[in-house]
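Subject: Structure for you to look at

Hello,

Here is the structure I said I would pass on. Please open it beside this email and find each residue as you read.

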Amino acid sequence: MEKENRNALFETTPVPKAFLTLALPVVMSKIVSMIYNMVDIYFIGRTGNADLVAGVSICAPVILLMVSLGDLFGLGGSSVMSRLFGQKKDEDGKRVSSFTFYSAIVTGIVIAALMLIFQNPVLHMLGAEDAVFTYASQYYTWIALGAPSIILTLIPANQLRTEGLANVAMIGSIAGSIVNIILDPLFIFGLGMGAAGAAIATVLGNIVTDIIFVVCIRKKSRKLTVDIRMAKVDLAIIGAVFAIGLPSSLNNLMNSFGTALLNRGLVVYGADKVAAMGIASKVNMLVAMIMIAFAFGAQALIGYNYGAGNKERLRQVLKFDLLVQMIIAIAGGAVLMIFAPSLIRLFMDDAVIVEAGALILRRMLLGLPFTGVFLVCSTLFMSAGKSLPTLIMSLSRQGIIFALVLFILSLAFGYEGVITAQPAADVLSALLGVVLVKMSRIEI
């Protein structure tokens, strides 16, 4: 009966209810995660040390790298699993869950070793110099050590939703974020560990999340497993996982690449501009992460109905998804735009940084509606297993398009061009997504 009820969520429950049932827990997880991120940058900002804030901000691409590797198996696996479940191939889906779980652990160990070995050249490549390097190194070292735990969290977090267990995924994610929030002030100020303390709190929070996910899979799930004996899958399944996982992973690598490019573009204008960008990016994520959460919360629903061949229901899901994206982008963006200076000041009460951060934030917010279109198109390609459009989209917004726009605008307008590059790239990437949907001929 429980299994039938979970299938009903994907097959017969009214689309708005099904969409919100799967997406809202993801949104709640992201909100709590954002609160943690805000608390993190708040406490670091309260040190009054712009070099420390810049050092942590410069390491943002490192976190994005780990998230991208988690998405390689988490999003790639969940895409394949949702279609398999839609085709009633539950046993094959279970094998995919085990394969991706243990692949993430092995990948995390390898990445931790490589990051520690090449720490100095990586930090210099990211733009860490002089006093900023010291703080960046402290943060980087502990994040690198925690790579296996950070990467692993992305696997169950994505795949539990393919079974309708979005609430279970939410519990694990929120618990880890709460641990982060509690430990941050203790480590940063209580133990005087500064940037290193923030990183250690992050790693411990992810370990707690991993433990909760494993317990929930063993106790609650009927379609997922952590039994290593189930990890053997054929090459066709591995290829299907990587066909979507690699472009999805590349998307986050491009985010890392884009952030690194932006930081390097701003370094020449001073550490205060890098710090302002770091804070503005955090505030912008108040809305952007909610949009992302709704988009990826719908992934299992889109993939299931695409796999089941239910075109009418798939069409309804996509329309509702786009509506939600536009409402959040316009309403949320307007609120942040109005209160931009006050929001920046919450993190660092420095007149120069507040002025720069407010301007940067308002520029970022102009691209939010176009980001919503981009997200819906990207999620559709990923859920349907369309590897080439997924790859093209992954290379666009924070990759090729962003790099070209940043280069052109920075040459033409200097600092103003640098901070306008992101919304300009958002517009072009959304247009690309619409064109690719028409060209891919996905039957909806």
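Predicted model: local features only at pLDDT ≥ 70, side-chain atom pairs only at ≥ 80, totals over all residues.

Aromatic rings

A search of the whole structure turned up five aromatic pairs. One of them is formed by Phe-19 and Phe-294, whose rings are stacked, with 6.1 Å from centre to centre and 10 degrees between the planes. This pair links distant parts of the chain: Phe-19 belongs to helix H2 (residues 15–45) and Phe-294 to helix H12 (residues 271–297), and the two are 275 residues apart. Phe-19 and Phe-294 are both buried.

Another pair is made by Phe-73 and Phe-242, and here the arrangement is edge-to-face, with 5.9 Å centre to centre and 90 degrees between the planes. Again the pair links distant parts of the chain, since Phe-73 is in helix H4 (residues 60–86), Phe-242 is in helix H11 (residues 235–267), and 169 residues separate them. Phe-242 has a relative accessible area of 25%, so Phe-242 is partly exposed.

There is also a cluster, in which ring pairs link Phe-19, Phe-294 and Phe-320.

Charges over rings

Lys-223 has its charged end over the ring of Phe-85, 4.5 Å from the ring's centre. Lys-273 lies over the face of Tyr-415, and the distance to the ring centre is 5.7 Å.

A cavity

The count of cavities of 30 Å³ or more comes to three. The second largest cavity has a volume of about 40 Å³. Which residues line the second largest cavity? They are Leu-262, Met-277, Ile-360, Met-364, Val-418, Ile-419 and Gln-422. By class, six residues of this lining are nonpolar, one is polar and none is charged. Helix H16 (351–365) and H19 each supply at least two residues of the lining. H19 gives the most to the lining of this cavity, with three residues.

Gln-422

Gln-422 is one of the residues that line the second largest cavity. Gln-422 is located in helix H19, which covers residues 415–440. Why does Gln-422 count as buried? The relative accessibility of Gln-422 is 13%, and buried means under 20%, so Gln-422 falls into that class. Apart from neighbours within four places in sequence, Gln-422 is in contact with Arg-397, Gln-398 and Phe-402.

At least two residues of the lining come from each of helix H14 (311–338), helix H17 (368–383) and H19. Sorted by class, the lining of the second largest pocket has nine nonpolar residues, no polar ones and three charged ones.

H19 supplies at least two residues to the lining of the second largest pocket, and three to that of the second largest cavity.

Regards

Notes
Residues numbered from 1 in each chain as written. Heavy atoms only, no water. Helix = DSSP H or I, 4+ residues; strand = E, 2+ residues; numbered from the N terminus. Buried < 20%, exposed > 50% of the residue type's maximum accessible area, 1.4 Å probe, protein only. Contact = heavy atoms within 4.5 Å. Nonpolar A, V, L, I, M, F, W, Y, C, P; charged D, E, K, R; others polar. Phe/Tyr/Trp six-rings, centres within 6.5 Å; stacked < 30°, edge-to-face > 60°. Lys NZ or Arg CZ within 6 Å of the ring centre and 35° of its normal. 1 Å grid on protein atoms, 1.4 Å probe; cavity = no way out; pocket = protein on both sides within 12 Å on 5 of 7 lines; lining within 4 Å. Points joined across faces, edges and corners; volume = space filled by probe spheres on them.
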